[in-house]
Amino acid sequence: MTRWHRPLLLMSAIMAVLSVVSLFGVLFDPRTLDGLPIWLKPLKFTLSFVAYGLTWAWLLSLRRTAQHASRLLGSVMAIASVVEITVIISQVIRGRRSHFNFSTALDSSLYALMGTTVMLLMVVNLAAAFLVLRERQATSADTWAIRIGLVVSAAGLGVAVLMLPPTSAQLAETTATVLGAHGA
């Protein structure tokens, strides 16, 4: 058995520290965005990245073949996650929304960077899932549990595409600076 993927473990540790920072922000920074504490989004993302990083660090440790590819894919996951949270936190520090924000050229560029990073993360996630799917585990139940989990996870990633199109209200507004949404 191989070791857990170190860059993903490091990324998870960084995200855990940033989760604490974000929690302090939620508790002590009075600023809000769209009626919610401005640090709530980084808190949710950092906690999610902790779970994501630890899960993939473990999953990649199950690989007995294609070790180089697994290390590369895991490292790209870690780097993309750090880039993503860096943009989110920098936007919070600026008091700006990180997602769907086209208010200024800088906001648009940062959102485009995040979009590129997320697409890269999705592709790498699917490639790593494919490699893990090919491996048989110690028991048939373990193999099937991991395979089903990876398929469900990939489906969840695919659903994210539904957030990208602008809502009808945004299309009707000629000066909309927010295009796309988490819900219609």
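Tutor: Helices (H or I, at least four residues) and strands (E, at least two) are DSSP runs, numbered from the N terminus. With that in hand, the protein reads α-β-β-α-α-α-α-α along the sequence. This is a predicted model, where local features need pLDDT of at least 70, side-chain atom pairs count only at pLDDT 80 or more, and totals for chains, interfaces and linings use all residues. Residues are numbered from 1 along each chain as its sequence is written, and side-chain values use heavy atoms, with hydrogens and water left out.

Student: How many helices and strands are there in the protein?

Tutor: Six helices and two strands.

Student: Which residues does UniProt mark as "transmembrane region"?

Tutor: A quick caution: UniProt positions are given here in the numbering used for this structure, feature names are shortened, and annotations may be inferred rather than shown by experiment. The UniProt record, an unreviewed entry, puts the feature at residues 7–28, 43–60, 72–90, 110–132 and 144–164. Residues 43–60 are 100% helix and 0% strand, with end C-alpha atoms 26 Å apart. Residues 110–132 are also 100% helix and 0% strand, and there the end C-alpha atoms lie 32 Å apart.

Student: What share of the residues counts as buried?

Tutor: Buried means under 20% relative accessible area, exposed means over 50%, and partly exposed is in between (1.4 Å probe, protein chains only). Of the 184 residues in the protein, 36% count as buried. As for the surface, accessible areas come from the Shrake-Rupley method with a 1.4 Å probe, and for residues only the protein chains shown count as cover. The protein's accessible surface comes to about 10300 Å², and 73% of that belongs to carbon and sulfur atoms.

Student: Which residues touch the most other members of the largest nonpolar core?

Tutor: A nonpolar core is a set of buried Ala, Val, Leu, Ile, Met, Phe, Trp, Tyr and Cys residues joined through side-chain atoms within 4.5 Å. The largest one here has 32 residues, and Leu-8, Trp-56 and Met-77 touch the most other members. Two or more residues come from each of α1, α2 (40–61), α3, α4 and α5 (140–159). The largest share, nine residues, is from α3.

Student: What is Trp-56 in contact with?

Tutor: Contact means heavy atoms within 4.5 Å. Setting aside neighbours within four places in sequence, Trp-56 contacts Leu-8, Met-77, Asn-125, Ala-128, Ala-129, Val-132 and Leu-150. For the whole protein, look at contacts with a separation of 6 or more: 67% of them are between residues 24 or more positions apart.

Student: Is His-5 buried or exposed?

Tutor: His-5 is buried, with a relative accessible area of 7%. You'll find His-5 in the segment before α1. Not counting residues up to four places away in sequence, His-5 touches Ala-57, Leu-60, Ser-70, Arg-71, Gly-74 and Ser-75.

Student: How many salt bridges does a search of the whole structure find?

Tutor: Side chains of opposite charge can pair when their charged atoms come close. The cut-off for a salt bridge is a side-chain nitrogen of Lys or Arg within 4 Å of a carboxyl oxygen of Asp or Glu. The search finds five. One of them joins Asp-29 to Arg-31, with the closest N and O atoms 2.8 Å apart.

Student: Which residues are linked in a network of salt bridges?

Tutor: Arg-94, Arg-96 and Asp-107. Arg-94 meets Asp-107 at 2.9 Å, N to O. Arg-94 lies in helix α3 (residues 67–94) and Asp-107 in helix α4 (residues 105–133), so the pair ties together parts 13 residues apart in sequence. Asp-107 also bridges to Arg-96, with the closest N and O atoms 2.4 Å apart. That pair links distant parts of the chain, as Arg-96 sits in the loop between α3 and α4, 11 residues from Asp-107. Asp-107 is buried at 0% relative accessible area, while Arg-94 is partly exposed at 39% and Arg-96 is partly exposed at 26%.

Student: Which residues form a nonpolar patch on the surface?

Tutor: Patches are made of residues with over 30% relative accessible area and no salt bridge; like charges are joined within 9 Å, and nonpolar side chains (Val, Leu, Ile, Met, Phe, Trp, Tyr) within 5 Å. Here Val-20, Leu-23, Phe-24, Leu-27 and Phe-28 form one, with about 530 Å² of accessible area together. Leu-23 lies in helix α1 (residues 6–28) and is partly exposed at 40%. Phe-24 is found in helix α1 too, and is partly exposed at 48%.
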